[in-house]
Amino acid sequence: MYSIGIISELAAETKEGWFIGRFLKKDDPWFSKKFEVAFQVLKSDMKAEVISHAHQYIEEITLVLKGCLRVEVDGQKIELKAGEIILVKPRTSTKRIGADDATELLVFKTPSLSQDKYFTNGQAK
């Protein structure tokens, strides 16, 4: 079995661009327990995340396709430009702090787990 789709259309139909993962109905062709995928288009006036978060077991990969994303990881400010990728391991504190207008991201999480996210004070572990 396989599924083919147009990323921007799939993402437009979902919350925050997440279109593959455990959160879908089991009969959905994009349902997966192994990973989650999102396509997100950010605006320069996006609200920065106020509280940092981490995942107990999930690894998160963010690939910047277009534009620039600014994040804070374990208290360190990082700027990611088009073509750059970041892998955030479990129990690592992170938050988005800004982006250029029309920044495009592909975000992957593995495995797909519900209730794995928790909020931190900027330092997890």
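Reader: First up, in which sense do S1 and S2 pair, and over how many bridges?

Author: Antiparallel, over two bridges. Strands here are DSSP E runs of at least two residues, helices are H or I runs of at least four, and both are numbered from the N terminus. Two strands pair if DSSP finds at least two bridges between them.

Reader: Ground rules before we go on?

Author: This is a predicted model, so local features need pLDDT of at least 70 and side-chain atom pairs count only at pLDDT 80 or more, while totals for chains, interfaces and linings use all residues. Residues are numbered from 1 along each chain as its sequence is written, and side-chain values use heavy atoms, with hydrogens and water left out.

Reader: Which residue in S2 stands opposite Trp18?

Author: Ala38.

Reader: What is the strand order in the five-strand sheet?

Author: S1-S2-S9-S4-S7, an open sheet with antiparallel pairing. Strand S1 (18-20) and S7 are the edge strands, each pairing on one side only. From one strand to the next, the twist averages 20°. That angle is taken between N-to-C directions, on a scale from 0 to 180 degrees, with axes fitted to C-alpha atoms.

Reader: How many bridges join S4 to S7?

Author: Four, and the two strands run antiparallel. Thr62 has Ile86 in S7 as its bridge partner.

Reader: Which residues of S7 are on the covered face, and which on the uncovered one?

Author: Ile86 and Val88 are on the covered face; Ile85 and Leu87 are on the uncovered one.

Reader: Pockets now. How much space lies in the largest one?

Author: About 950 Å³. A pocket is an open set of points on a 1 Å grid over the protein atoms alone, with protein on both sides within 12 Å along at least five of seven lines. A cavity is a set where a 1.4 Å probe fits but cannot get out, and lining residues have an atom within 4 Å of a point. Volume is the space filled by probe spheres set on the points, which are joined across faces, edges and corners.

Reader: Which lining residues of that largest pocket are closest to its centre?

Author: Glu16, Trp18, Gln40, Lys109 and Lys117, out of 34 lining residues. The lining divides into 12 nonpolar, nine polar and 13 charged. Charged covers Asp, Glu, Lys and Arg; nonpolar covers Ala, Val, Leu, Ile, Met, Phe, Trp, Tyr, Cys and Pro; the others, Gly among them, are polar.

Reader: How many cavities of 30 Å³ or more does a search find?

Author: One. The largest cavity holds about 40 Å³ of space. Its lining includes His55, Glu60, Val88 and Lys89.

Reader: What about aromatic pairs, how many?

Author: One. Phe19 and Trp30 sit edge-to-face, 6.4 Å centre to centre, with 75° between the planes. Rings of Phe, Tyr and Trp (its six-membered ring) pair if their centres lie within 6.5 Å; planes under 30 degrees apart are stacked, over 60 edge-to-face, the rest tilted.

Reader: Are Phe19 and Trp30 buried or exposed?

Author: Both are buried. Buried is under 20% relative accessible area, exposed over 50%, partly exposed in between (1.4 Å probe, protein chains only).
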